[in-house]
Amino acid sequence: MALQRACERLLSLQDGAGWWQGELQTNVTMDAEDMLLREFLGVRLSDETERSAAWIRSQQREDGTWANFNDGPGELSTTIEAYWALRLAGDPVQAEHMRRAAAFVRAQGGIERARVFTHVWLALFGLWSWEEVPALPPEIVLLGRRVPLNVYDFACWARQTIVALSVVKAHRPVRPLGFGLAELTTASGGGVPDQRSRGSSIGGVRPSPRRAVGRHGRLLAGLDRVLRAYERRPIVGPLRRLALGRAERWIVRRQEPDGSWGGIQPPWVYSLIALHLCGYSLEHPVMRRGLEGLNRFMIEDEDDARAIGAPPGRSRRLEACQSPVWDTALAMIALTDAGVAPDDPAMLCAAGWLLGEEVAQSGDWAVARPGLAPGGWAFEFANLNYPDVDDTAEVVLALGRVANAASATANGGSPAGDGASATANGGSTAAGAGSVASGGGSPDAGLRPRIEAAIGRAQRWVRGMQSSGGGWGAFDADNTRSLVRELPFLDFGEVIDEPSADVTAHAVEMLAALDLLDTPAARKGVRWLIEAQKPDGSWFGRWGVNHIYGTGAAVPALIAAGVAPAEECIRRAVDWLARHQNEDGGWGEDPRSYDDPAWIGRGESTASQTAWALLALHAAGRSEIGRLDSLALWRGVDWLVRTQRADGSWDEPQYTGTGFPSDYYINYHLYRLVFPIMALGRCLRSTASG
């Protein structure tokens with residue numbers, strides 16, 4: 001009954017066009033910066049401001065702070081930006097909730113200790129000196145591909161952001177507000193502290209409190225001093241004009257059809273500011289598309305309609321990104337795991353929609369792989385420049401289920417039976433399809449040939465995107481030059497896209513599903529994945545929290561690739577999962593595990609993390625279920641059944657998705673449904689078949 005209710009709930013959420021999309025919830029800096037962007041551009045409206053402010057107020061905690069994830073510690077820069085947005089909305093400094101927030105900020109060192117990106121926002125309004133923002137000259141776009149610190153050394157999300165910000169910093173605009181933020185400083189003399197008030201620094205730039213400064217960091221701090229002197233008196237002749245012109249064209253060429261940049265908030269808002277400073281009016285098509293696109297990422301709420309803690313009355317919040325391709329692929333895999341026939345109309349509709357989302361053009365990824373033909377999928381509705389390996393692997397696995405249904409039907413078999421066979425062979429946090437067979441009819445006359453052609457292009461693209469060491473990053477190959485992490489400007493978020501265990505696991509599983517294990521790409525991927533296992537038996541999770549996610553991806557992928565359950569790497573992983581099971585039978589891991597090893601594998605039980613652990617145990621136990629493994633698995637299943645809501649879903653206020661380890665986390669609202677369906681479907685159907 002639990003599985004049936006969950007499937008009914010998930011099916012009810014499918015859009016008529018075939019896709020699924022759960023809300024992608026992050027933190028209130030998205031809403032604060034949206035208000036500040038509109039203020040800077042002169043388009044902020046009072047009614048919109050009040051609805052955004054209502055959401056921001058509702059997320060403040062009793063101690064006056066705002067956090068980056070549910071029940072996380074108060075975060076300084078997030079609290080500064082939220083407080084500032086409420087000042088913009090008219091909240092008085094003397095109000096109790098504002099007094100508590102200001103006290104926290106001062107206790108943490110004031111705006112002087114905020115991250116660089118917060119200082120950039122403050123500088124835009126004259127509340128921080130541009131002189132105290134680390135250097136980021138637009139001439140960076142002129143550096144060749146082989147020169148260290150060129151823009152393609154950065155991950156795609158950072159690349160788009162720094163190009164736009166280099167233009168902003170070159171213009172150094174100041175648009176004063178009608179108030180200051182002196183109450184948030186520890187310095188005497190107002191809201192723009194001078195250099196002397198900032199305490200110890202390296203080369204005049206305070207390093208991130210979390211980041212140790214090594215030899216490269218000291219060298220880059222010296223370079224920063226030189227570049228900041230240059231920024232004060234740039235060569236305003238041909239070089240600066242060339243750099244600004246190239247940066248402007250670079251930004252414009254990368255705007256997506258929906259008006260976004262990369263489908264994500266950071267480069268989007270900075271690109272709009274940069275182009276506005278370059279002279280683009282708000283009526284220019286590029287600017288108009290950008291602002292209209294932001295409005296489509298806004299969720300208008302009334303009386304907490306989605307039960308996520310929004311306030312009574314009207315409020316609104318901005319999604320930092322949208323995940324329809326990812327959500328749709330996971331939903332298809334989950335439903336077929338649960339026994340929904342792959343030729344069910346819902347599956348066929350979803351498959352048709354996914355086929356239409358294939359990215360058929362080259363993007364920034366082609367800089368590192370110039371001879372590779374396109375063939376991937378992106379995360380969002382519109383992101384033609386940045387498809388990624390993770391989404392592509394999951395889409396292939398989802399489409400493979402539908403293609404297998406066609407093969408089974410043509411050969412006189414049962415589509416649902418094929419799904420059960422694929423499930424029984426094990427799969428990862430998002431996988432388990434069998435190989436795509438040839439011949440036969442199709443549940444839709446034109447669908448199967450299109451699927452096979454798309455899968456062919458996708459597997460070639462994924463193999464071509466493999467990094468030289470054998471692993472896969474998400475958006476680029478060999479994006480591993482860690483020097484950029486040391487730049488003084490970049491004290492927030494991951495800025496390179498090095499190979500990760502979870503993306504590599506999904507790529508390996510895709511190759512296994514396509515009977516491509518006897519290829520150099522698969523062999524290198526399996527070897528990389530085994531070598532990436534941590535001494536404690538777990539794997540690090542780059543795009544999900546954290547070691548439970550990484551382990552939940554790696555174990556099923558290795559099993560699918562032919563690694564025996566008795567192998568040491570699998571046994572160590574199973575032992576790690578068993579040791580970290582909570583007393584209530586579930587699993588959970590707090591995002592603080594990225595910073596504090598004491599939190600690894602520890603946290604309140606959640607539906608998605610319990611499901612990830614179960615997927616790994618199920619895969620490892622298909623051939624040989626030990627007593628401990630079996631007990632752990634069925635205790636986990638029992639936890640999911642006991643905690644299910646009446647509507648078929650699960651409560652999950654915890655953030656189990658990762659944007660940037662240590663800095664930025666995501667609550668994917670569909671994770672609490674698709675992953676439990678996968679886990680219950682695989683575990684229960686294996687019992688029925690065995």
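A: What follows starts with the chain as a whole and ends with single residues.

This is a predicted model, in which local features need pLDDT of at least 70, side-chain atom pairs count only at pLDDT 80 or more, and totals for chains, interfaces and linings use all residues. Residues are numbered from 1 along each chain as its sequence is written, and side-chain values use heavy atoms, with hydrogens and water left out.

The protein chain has 23 helices and 5 strands. Helices (H or I, at least four residues) and strands (E, at least two) are DSSP runs, numbered from the N terminus. Of its 690 residues, 63% count as buried. Buried means under 20% relative accessible area, exposed over 50%, and partly exposed in between, with a 1.4 Å probe and protein chains only. Contact means heavy atoms within 4.5 Å. Among contacts in the chain with a separation of 6 or more, 74% join residues 24 or more positions apart.

Now the core. The largest nonpolar core holds 210 residues. Such a core is a set of buried Ala, Val, Leu, Ile, Met, Phe, Trp, Tyr and Cys residues joined through side-chain atoms within 4.5 Å. Trp 84, Trp 121 and Trp 472 have the most contacts inside the largest core. Helix H21 (residues 607-621) gives the most to this core, with 10 residues. A second, separate core has 5 residues, including Phe 69, Val 545, Tyr 655 and Tyr 665.

15 of its 15 residues are buried, so H21 is largely enclosed by the rest of the structure. Its 15 residues should span 21 Å at 1.5 Å a residue, and its end C-alpha atoms are 21 Å apart, which agrees. The expected span is 1.5 Å times one less than the number of residues.

Next, a helix pair. Helix H2 (residues 29-41) packs with helix H10 (residues 265-277) at about 10°, and their axes are 11 Å apart. Axes are lines fitted to C-alpha atoms, for helices over the stretch in contact, and angles run from 0 to 180 degrees between N-to-C directions. H2 and H10 are therefore roughly parallel to each other (angle under 35 degrees). From H2, Met 30, Glu 33, Leu 37, Phe 40 and Leu 41 take part. Their partners in H10 include Val 269, Tyr 270, Ile 273 and His 276. By class, this contact has 9 nonpolar, 2 polar and 1 charged residues. Ala, Val, Leu, Ile, Met, Phe, Trp, Tyr, Cys and Pro count as nonpolar, Asp, Glu, Lys and Arg as charged, and the others, Gly among them, as polar.

Now single residues. Ala 123 sits in helix H6 (residues 116-124). Ala 123 is buried, at 0% relative accessible area. Beyond its neighbours within four places in sequence, Ala 123 is in contact with Trp 128, Trp 130, Val 133, Pro 173 and Val 174. The C-alpha atoms of Ala 123 and Val 133 are separated by 8.3 Å, 10 residues apart along the chain.

Ser 467 is in the loop between helix H16 (447-464) and helix H17 (501-513). Ser 467 is also buried, at 3%. Leaving out residues up to four places away in sequence, Ser 467 touches Arg 369, Gly 473, Ala 477, Asp 478, Pro 499 and Lys 524.

Leu 149 lies in the loop between H6 and helix H7 (156-171). Its phi is near 75°, a positive value in a residue other than glycine. Leu 149 is buried, at 12% relative accessible area.

Definitions and conventions:
Parallel < 35°, antiparallel > 145°, perpendicular 65-115°, else oblique.
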